[in-house]
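Here is a friendly walk through one protein model, with an eye on charged pairs, a helix and a surface patch. Have the sequence and the 3D view open as you read.

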Amino acid sequence: MEMRARSAMNQIVIVGGNAAGLPAASRAKRVDPRLDVTVLEKGPYVSYSTCGIPYYFAKMVAADDLVSYTPESFERERGIKVHNHTRVDEIAPSRKRVMGTRTDTGERVEFSYDRLLIATGVKPKLPDIPGTDLANVFTIIDLQDAIRMNDA
């Protein structure tokens, strides 16, 4: 399935749908409302409060309370298309294409772009000590990690 832009000169694709990607998408759309902005996020959630995760662990809030926008509400309120559950597998700069896989369905997807921003966040670095590879040793980068830890 290929997602085509309305205009070849106005297509921005942003890889990463949280702390850096969504503000960048919003800013681009504010600067030029004619832009066709698409955000790709591999996880199920976008636009959530990472700082609120300790309150989730303390059972003061539910995970859903930390989510500010869903992909549908982001598109409706800001005019930005967000594809969650979309993992980027390959970028072909010469063809200005991003290829990926829907993590919920396995469907292959492709997006064309004029400008591409990679805003994928961080990767945890575990200390070099025995036991970090054992079950129930967690790193928390996003809301999905927090939910996995809480479930364990």
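## Ground rules

A salt bridge here is a side-chain nitrogen of Lys or Arg within 4 Å of a carboxyl oxygen of Asp or Glu. By that rule, the structure holds eight salt bridges.

Please keep in mind that this is a predicted model, in which local features need pLDDT of at least 70 and side-chain atom pairs count only at pLDDT 80 or more, while totals for chains, interfaces and linings use all residues. Residues are numbered from 1 along each chain as its sequence is written, and side-chain values use heavy atoms, with hydrogens and water left out.

## Charged pairs

Side chains of opposite charge can pair when their charged atoms come close. One of the salt bridges joins R87 and D89, with 2.7 Å from N to O. Both partners are partly exposed (between the cut-offs for buried, under 20% relative accessible area, and exposed, over 50%, using a 1.4 Å probe and protein chains only): R87 has a relative accessible area of 35% and D89 has 38%. A network of salt bridges links R87, D89 and R108.

E110 takes part in two further pairings to look at. The side chains of R95 and E110 meet in a salt bridge at 3.6 Å, N to O. This pair links distant parts of the chain, 15 residues apart: R95 is in the loop between β5 (86–92) and β6 (97–102), and E110 is in strand β7 (residues 108–112). Strands are DSSP runs of E with at least two residues, helices are runs of H or I with at least four, and both are numbered from the N terminus. E110 also forms a salt bridge with R97, at 3.4 Å from N to O. Here strand β7 is linked to strand β6, across 13 residues. As for cover, R95 is partly exposed at 48%, whereas R97 is buried at 16%.

## Helix α4

Which residues of helix α4 (residues 143–151) are buried? They are L143, D145, A146 and I147. What covers them includes α2 (53–57).

## A nonpolar patch

F138, I140 and M149 make a nonpolar surface patch of about 230 Å². Such patches join nonpolar side chains (Val, Leu, Ile, Met, Phe, Trp, Tyr) within 5 Å, from residues with over 30% relative accessible area and no salt bridge. I140 lies in the loop between β8 (115–118) and α4, and is partly exposed at 36% relative accessible area.

How values were computed
Contact = heavy atoms within 4.5 Å. Patch = residues over 30% accessible without salt bridge, like charges linked within 9 Å, V, L, I, M, F, W, Y side chains within 5 Å. Areas by Shrake-Rupley, 256 points an atom, 1.4 Å probe, with all protein chains shown as cover.
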